[in-house]
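Good morning, colleagues. Please have the display in view.

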Amino acid sequence: MVMRVDGDRLWARLMAMAEIGPGVAGGSNRQALSDEDAAGRALLLSWAAAAGCTHHFDEIGNLFITRTGAVVDAPSVLVGSHLDTQPTGGRFDGVYGVLGGFEVIETLNDLGIVTEAPIELVVWTNEEGSRFQHSMMGSAVWAGSLGLEAARDLVDVDGVSVGEELDRLGWNGERATSPADHDAAFELHIEQGPILEAAGTEVGVVTDVQGLRWYTIELFGYPAHAGPTPMNVRRDPARALGEIINGVYELAAASGPDARATFAMFESEPTSPNTVPELIRARLDMRHPDEATLDALNEEVHRIVERSSTRHDVGHRITIDNHSPPVQFAEQCVSAVERGARSLGLSSQRIVSGAGHDACYVAGHVPTAMIFIPCDDGLSHNEAENISEEQAEAGASVLLHAVLEAARSIRRL
Ligand code: HGY
Ligand code: MN
Ligand code: MN
């Protein structure tokens, strides 16, 4: 039976959530563990309570909202994504997967469908890694890939820690963060890239997610007066950084069309325009779908940093803040997504995700797949990020079909 979600209700909820933690240019700024993040979760919980769901937090603040199934304590089907956004984020990255997952719950209620397995909607803590630099932090702790204390010790630019914020917000749940029993997991998300729109395809059936490494690169120079100090006697970390940036971008360009390198978050000390810096710090995000290539890029990044540091007689330190290897999703879940799109008469194609997602950590413990819809110009992590109501409804309806297949609907009330 072909069922569809209520697209108007889903769109109204997306717009209501976008009112919380608005950006300055029409997008969102609802950073992890902020008051805006708390307000967004409170709004979702008000809707979930009205829908008869229960909820709990785990120790790292991951929020689980449950629709019971006929078989008590049966392994659940997990849907969801994240509500935290980039500082200049869009209204749909993550949010669409959470509210699309909740729309599936609402639609099952409307249709009076009882599923054998419970449906759990999860809101992962700090997926973006902007304020606290570990992306997919909540799902990494849940999966056992990141220690709870290491996560709680992460601090923002003001020195506020994840742990302090969890305790302040009351999200430091009693339940241990661990992959409880789940039958299957599906994450609905915008593509955040140009492939589906360029192909005119309505649904992305995600088979894999590319791997990533996040680095903090620190270069240590010798402070000196910008005026009288001759150029040839300086130990200037800015000279080394300039070469490193060029070298890494040339490395990415020479490593094929799938390699990605991004430098951001530049800091220098002391804060002065007329002193050769003592310290320069930069963040680097490297990505590739193939783990061996990602490892080779890692070795080359270290070589480039060492070579330029030596050439300019500055010290260096490279910290790997985050390593998420490439992930392949479970064929039974991938094909359930494909069947859902087909039964709805929607065009679909298999695709590899360029962005990281919480589903990467979930896939290590539960059969998992993702569903993409196109977004305008493939743009994301930009306040102009946009989708249409029709696209939003289509993706959530595919999620409905995939979830029903996994949760085994057993009767209609
Ligand atoms: O970095 C990522 O790919 C994700 O948006 N956190
Ligand atoms: Mn996301
Ligand atoms: Mn994102």
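How are α1 and α12 oriented to each other: roughly parallel, roughly perpendicular or oblique? Before I answer, the conventions. This is a predicted model, in which local features need pLDDT of at least 70, side-chain atom pairs count only at pLDDT 80 or more, and totals for chains, interfaces and linings use all residues. Residues are numbered from 1 along each chain as its sequence is written, chains are lettered from A and ligands numbered from 1 in the order in which they are written, and side-chain values use heavy atoms, with hydrogens and water left out.

Helices (H or I, at least four residues) and strands (E, at least two) are DSSP runs, numbered from the N terminus. Two packed helices are described by the angle between their axes and the distance between the axes. Axes are lines fitted to C-alpha atoms, for helices over the stretch in contact, and angles run from 0 to 180 degrees between N-to-C directions. Angles under 35 degrees count as roughly parallel, over 145 as roughly antiparallel, 65 to 115 as roughly perpendicular and the rest as oblique.

Now the answer. The axes of α1 and α12 cross at roughly 110° and come within 9 Å, so the two helices are roughly perpendicular to each other. On the α1 side, the contact (heavy atoms within 4.5 Å) is made by Gly 7, Asp 8, Leu 10, Trp 11 and Leu 14, and on the α12 side by Glu 389, Ala 392, Glu 393 and Ala 396. By class, this contact has 5 nonpolar, 1 polar and 3 charged residues. Here Ala, Val, Leu, Ile, Met, Phe, Trp, Tyr, Cys and Pro count as nonpolar, Asp, Glu, Lys and Arg as charged, and the others, Gly among them, as polar.

Helix α12 itself runs over residues 389-407. Its 19 residues should span 27 Å at 1.5 Å a residue, and its end C-alpha atoms are 26 Å apart, which agrees; the expected span is 1.5 Å times one less than the number of residues. This helix is mostly covered, with 15 of its 19 residues buried, where buried means under 20% relative accessible area, exposed over 50%, and partly exposed in between (1.4 Å probe, protein chains only). Just after α12, Arg 408 takes a positive phi of about 55°.

I turn to α2. Its 16 residues should span 22 Å, and the end C-alpha atoms lie 23 Å apart, which agrees. Its buried residues include Asp 37, Arg 41, Leu 44 and Trp 47. Among the elements covering them are α1, β1, α3 and α6. Just after α2, Gly 52 has a positive phi of about 80°.

Next, the backbone. Most residues other than glycine have a negative phi, and most peptide bonds are trans. Leu 33 has a positive phi of about 65°; it sits in the loop between α1 and α2 and is buried, at 0% relative accessible area. Gln 192 also has a positive phi, near 65°, lies in the loop between β6 and α7, and counts as buried at 17%. A cis peptide bond, with omega about 0°, joins Glu 269 and Pro 270, and Pro 270 is found in the loop between β9 and β10.

Finally, the histidines. His 56, in strand β1, is buried at 15% relative accessible area. Beyond its neighbours within four places in sequence, His 56 is in contact with Asn 62, Leu 63, Phe 64, Glu 120 and Arg 175. The C-alpha atoms of His 56 and Arg 175 are separated by 8.1 Å, although the residues are 119 apart along the chain. His 182, in strand β6, is buried at 10%, and its contacts, not counting residues up to four places away, include Pro 75, Glu 120 and Trp 142. The C-alpha atoms of His 182 and His 225, 43 residues apart along the chain, are separated by 61 Å.
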